[in-house]
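Hello,

Here is the structure I said I would pass on. My notes on it follow below.

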Amino acid sequence: MVFLFSSFNFHSHKIRVAVMLHLPLMVTAQVDLVLVLVTVLSLWTRLCHLSYPNAVVFDEVYYGQFVSLYMKRVFFIDDSGPPLGHMILALGAYLGGFDGNFAWNRIGAEYPCSVSVWTLRFLPALCGALCVPLVYLLTLELKFSHLSALGAALLLLLENSLIVQSRFMLLESVLIFFVLLAFFSYLCFYNAPSSSWFRYGWLLLCGASCGAAIGVKYMGLFSYLLLLGVASLHTWNLIGDRTVSHLSVCVQCVCRFFCLLVLPVLLYVFWFYVHLSILSHSGPHDQLMSSAFQASLRGGLSRITQGQPLEVAYGSQVTLKSSASQPIPCWLHSHKANYPIRYENGRGSSHQQQVTCYPFKDVNNWWIVKDPDRQEMMVSSPPRPVRHGDVIQLVHGMTSRFLNSHDVAAPMSPHAQEVSGYINFNVSMAAQNLWRVDISNREVESDVWKTILSEVRLIHVNTSAVLKLSGVSLPDWGFRQLEIVAEKLFKANTGNLGWTVEEHRYGTSQEQKEREVELHSPSHIDVDRKISFWAKFLELQWKMLTVKQEDSEHKYSSSPLEWITMETNIAYWLHSSSNAQIHLIGNPVSWGVANFSLLAYQVLAVFYLLRRRRGFKDLPHGVWCKFVCLGCVCVGGWLVNFVPFLLMEKTLFLYHYLPALCYLYLLSPALLEHMHTHLLSSVTYQRALCVWASAVLLSVFLSYRTFCPLTYGNPELSANELRGLKWRDSWDILYRRR
């Protein structure tokens, strides 16, 4: 009976659920076929025959080196930008099984069969393809029609320069993808109903996209600041909205602050955490970093310094590395050669032993830390550590000369004092060889001088001058080594004053002969001196900002003003034996449409503002707000991605203009729709505008088809056909005469 009752209740429950859910369950889905079509076309134009050419193309020779270093987990510094873009390229290489064993030494070098070219280029091409549907969706979120969205998508789809930049192992397409995704997700958040909690998912995606854009290239910062400005304006309007409760305003402000400010910063730091976690081995850029940083990497300095004593004591044998990385990293050095009695300009010197800075490991880099009150030059038991403020003498290990300075002008920097290894010539020039240890990064006043971790300044007791690297090379008599001087502290450039103990051993020999032998046999005392991630992160940031490679003029470099009218192009690849070639050339018709739209919007904006100032409101409030929003996003996006380059003193190329160009392609169809709907009242004019727009789109397509051989490198054209594609005299089209 109990069983029957339970069964009855169970079946009754099922019937109630069926009634409540209206079985059978049906799912209705709406698919935007136009969006699907443009997505398929964009994937086809970007991914088709991606492995061609099977050779290194333009900046692949630059980015490929970093990809190889990632595969081998070797540390490097790229002063051009953060690591996320490189890691994305390295991910594609990893998916293709690339082991890093390829010499990226010249453009046009053939890839071996072991390298999967398709996977190397896949992720940038995928990002470039997804930019097209993103522009379509972004236009819809700006409250314009599907027809305008289609127009914007077609302009991006048929832009030859964007196709070229997407199809190779380059980063502009990745940057543009994350920037467009950030604006799209923010507008989805802003346009969503305020009662929907799902909208905060869009806000999180926006913050993540901003962090990714900055992590790919610092150019992403321009668009991020624009988005912050738009979001700040929206937030300010929200605060003034009295229809929204105080609690809701507070919650929304906190969410926006976290997603748009905190999250991008956290992600930016996270990219470097992953970067430093992967690159754990010593590499070619180690010398630019501090000794502590180098010692944290496997191999290199960590192999040399393994087991060194941590605390510098009286009697320690040390090498002192300059904290300055310019002109090159070097170590305090001396050798058995004296300063000339007179220099080329007639000035006299002390004729004492030269002290220089030498950029290579050498036995003459070793110095002994001596207590001025004792004769011993070996470490006592227990060791007596040197502390901040202690006065010491430094004795050159191989020649036993004391580090000395006096009121004699330095050879190449006469405003500073000469530094020498003191020789007693029995003349009226007494030794001045006392130096006070000043630990600049000390935690307490009595801090101990530590190997690798401490950065010290050596202050000359007699003259209060500080030991520093001048950075000037000595003449032939100084073997072209770098000059060391002592300069008054108030005159000295603080960047070149620090010294770090890099190699260190406890001396056990008092006699010179025994000590020379000892300098080749390090002691081993296990000490853990790992530095924190934050210390490495901050140091790497500083080096990226200050250690700049010299910019040299490039054949295809250009100025920003040349980009607007596409006065220049870039030859990316030329076949070794035929006329097949790939160029970064934009679609001339699309480029003209973009420039016209920019000018037209500015003229319209001035016209509307003057009319509104006179009290004539030609547009309803909602339409005016939409027009202003379009200008903030599109014209503002163009400005923040173009104007900064006018102020930069660096080598620039046409591809730097591509992010700004995308904003104009977003603007053009939307502005056309605005003119059609709100400016042209006559049906005849509206139809004429539609015909004109159709003709322009047809011209865009024909122009795209015309330049396809230079976009894809196929088919090969004859010399006469290539001459026909040289629409501007300033373009550099290459061809072989046959």
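Helices (H or I, at least four residues) and strands (E, at least two) are DSSP runs, numbered from the N terminus. This is a predicted model, in which local features need pLDDT of at least 70 and side-chain atom pairs count only at pLDDT 80 or more, while totals for chains, interfaces and linings use all residues. Residues are numbered from 1 along each chain as its sequence is written, and side-chain values use heavy atoms, without hydrogens or water.

Two cis peptide bonds first. One links asparagine 714 to proline 715, with omega near 5 degrees; proline 715 sits in the loop between α20 (683-712) and α21 (719-724). Another joins serine 381 and proline 382, where omega is about -5 degrees. Proline 382 belongs to the loop between β4 (366-370) and β5 (391-396).

Lysine 143 has phi near 75 degrees and is found in the loop between α5 (117-141) and α6 (146-157). For phenylalanine 479 phi is about 60 degrees, and its loop runs between β10 (465-473) and β11 (482-488).

On the strands: six of the eight residues of β2 (residues 331-338) are buried, so β2 is largely enclosed by the rest of the structure. Buried means under 20% relative accessible area (1.4 Å probe, protein chains only). β2 runs antiparallel to β3 (residues 353-358), and five bridges join them; strands pair if DSSP finds at least two bridges between them. Within this pair, serine 334 is opposite valine 355 of β3.

Regards

How values were computed:
Buried means under 20% relative accessible area, exposed over 50%, partly exposed in between (1.4 Å probe, protein chains only).
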